[in-house]
Amino acid sequence: MEGRVIIGSLIAAVLLGCNEAQEHTAPAIYDRDSVSMMTSYGVNTLISDSGVIKYRIVTERWDVNTVKNPSRWTFEKGVFFEQFDEKFHVEAYIQADTAWYYDQKKLWHLRGRVRIRNINGLIYESEELFWDGMTHEIYSYAFSKVTTPERNMEGTYFLSDEHMRHYTVSNSKGSFTREDMTGEKEEEQTTQNQQATQDTTQMPEPILRPKMEKSRRSSQ
């Protein structure tokens with residue numbers, strides 16, 4: 001008899017426990033930083049600055065997040081764009097596997113198989129590149145390769161105007177034709193050889209602008 005009472009008590013306890021079972025749920029996610037304010041797919045659009053069309057963007061996915069600090073556009077599926085001059089003529093074609101644009105800083109950060117080709121036949125290749133819309137300069141601290149109809153250059157630091165007309169490569173190596181050794185091109189090569197002795201081993205923070213030479217215009 002006593003054994004039956006104990007078994008009955010155990011059954012009652014089990015049933016009571018089942019009736020009072022609580023649902024286990026995960027806490028709500030309120031991290032608004034991780035949520036894009038706008039996501040667009042299959043984008044092919046023109047982008048302007050101060051009323052002037054600057055480039056055409058073509059991308060599979062475009063995320064805009066104005067909550068993150070700093071606010072940014074993200075192109076995780078790659079980006080391809082055309083750069084225009086003041087008369088809406090194509091100056092260059094630019095592509096990368098991934099890109100971020102920090103709209104308040106007017107700074108592009110391109111990563112993964114970065115490639116630029118301009119109307120003069122210059123081809124630039126690297127794994128990382130920054131394009132500063134405030135100083136109007138393009139630069140990279142990653143290994144870069146520059147190919148033109150006259151020369152091939154490689155180096156660990158690249159700096160250029162945003163039109164890719166005047167550029168330098170530090171810690172460089174490459175091949176030149178004899179015609180490159182005269183006039184303005186000779187002076188350019190001398191500058192590059194002098195800059196080859198600079199220490200470029202220290203990497204900056206990803207979105208910091210480089211310290212420009214006094215001979216170059218700088219905007220911090």
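1. Aspartate 97, at 30% relative accessibility, counts as partly exposed, where buried stands for under 20% relative accessible area, exposed for over 50% and partly exposed for what lies in between, with a 1.4 Å probe and protein chains only. The side chain of aspartate 97 meets that of arginine 113 in a salt bridge, at 2.9 Å from N to O, a salt bridge being a side-chain nitrogen of Lys or Arg within 4 Å of a carboxyl oxygen of Asp or Glu. The two residues are 16 apart and link distant parts of the chain, with arginine 113 in strand β7 (residues 107-118) and aspartate 97 in the loop between β5 and β6 (98-102). Arginine 113 is itself exposed, at a relative accessible area of 58%.

2. The model is a predicted one, in which local features need pLDDT of at least 70 and side-chain atom pairs count only at pLDDT 80 or more, whereas totals for chains, interfaces and linings use all residues. Residues are numbered from 1 along each chain as its sequence is written, and side-chain values use heavy atoms, with hydrogens and water left out.

3. How many salt bridges does the rule give? The count comes to six, and one of them joins arginine 165 to glutamate 91, with the closest N and O atoms 3.0 Å apart. Because arginine 165 lies in the loop between β12 (157-161) and β13 (167-170) while glutamate 91 belongs to strand β5 (residues 90-96), this pair ties together parts that are 74 residues apart in sequence. Arginine 165 is exposed, with a relative accessible area of 53%, whereas glutamate 91 is buried, at 8%.

4. Arginine 115 also forms a salt bridge, with glutamate 125 as partner and a distance of 3.2 Å between the closest N and O atoms. Arginine 115 sits in strand β7 and glutamate 125 in strand β8 (residues 123-132), ten residues apart, and the pair links distant parts of the chain. Both count as partly exposed, arginine 115 at 32% relative accessibility and glutamate 125 at 29%.

5. On the aromatic side, the structure holds 17 aromatic pairs, for which ring centres of Phe, Tyr and Trp (its six-membered ring) must lie within 6.5 Å, with planes under 30 degrees apart called stacked, over 60 edge-to-face and the rest tilted. Tryptophan 73 and tyrosine 101 make a tilted pair, 4.8 Å centre to centre with 55° between the planes. Since tryptophan 73 lies in strand β3 (residues 72-75) and tyrosine 101 in strand β6, the pair ties together parts that are 28 residues apart in sequence. Tryptophan 73 and tyrosine 101 are both buried, and they belong to one aromatic cluster that includes Tyr55, Trp62 and Trp108.

6. Is the pair of phenylalanine 130 and tyrosine 139 stacked or tilted? The ring centres are 5.3 Å apart and the planes at 15°, so the pair is stacked. Phenylalanine 130 is buried at a relative accessible area of 4%, and tyrosine 139 is buried at 1%.

7. For the overall picture, the secondary structure comes to two helices and 14 strands, these being DSSP runs numbered from the N terminus (H or I and at least four residues for helices, E and at least two for strands). Of the 220 residues of the protein, 36% count as buried.
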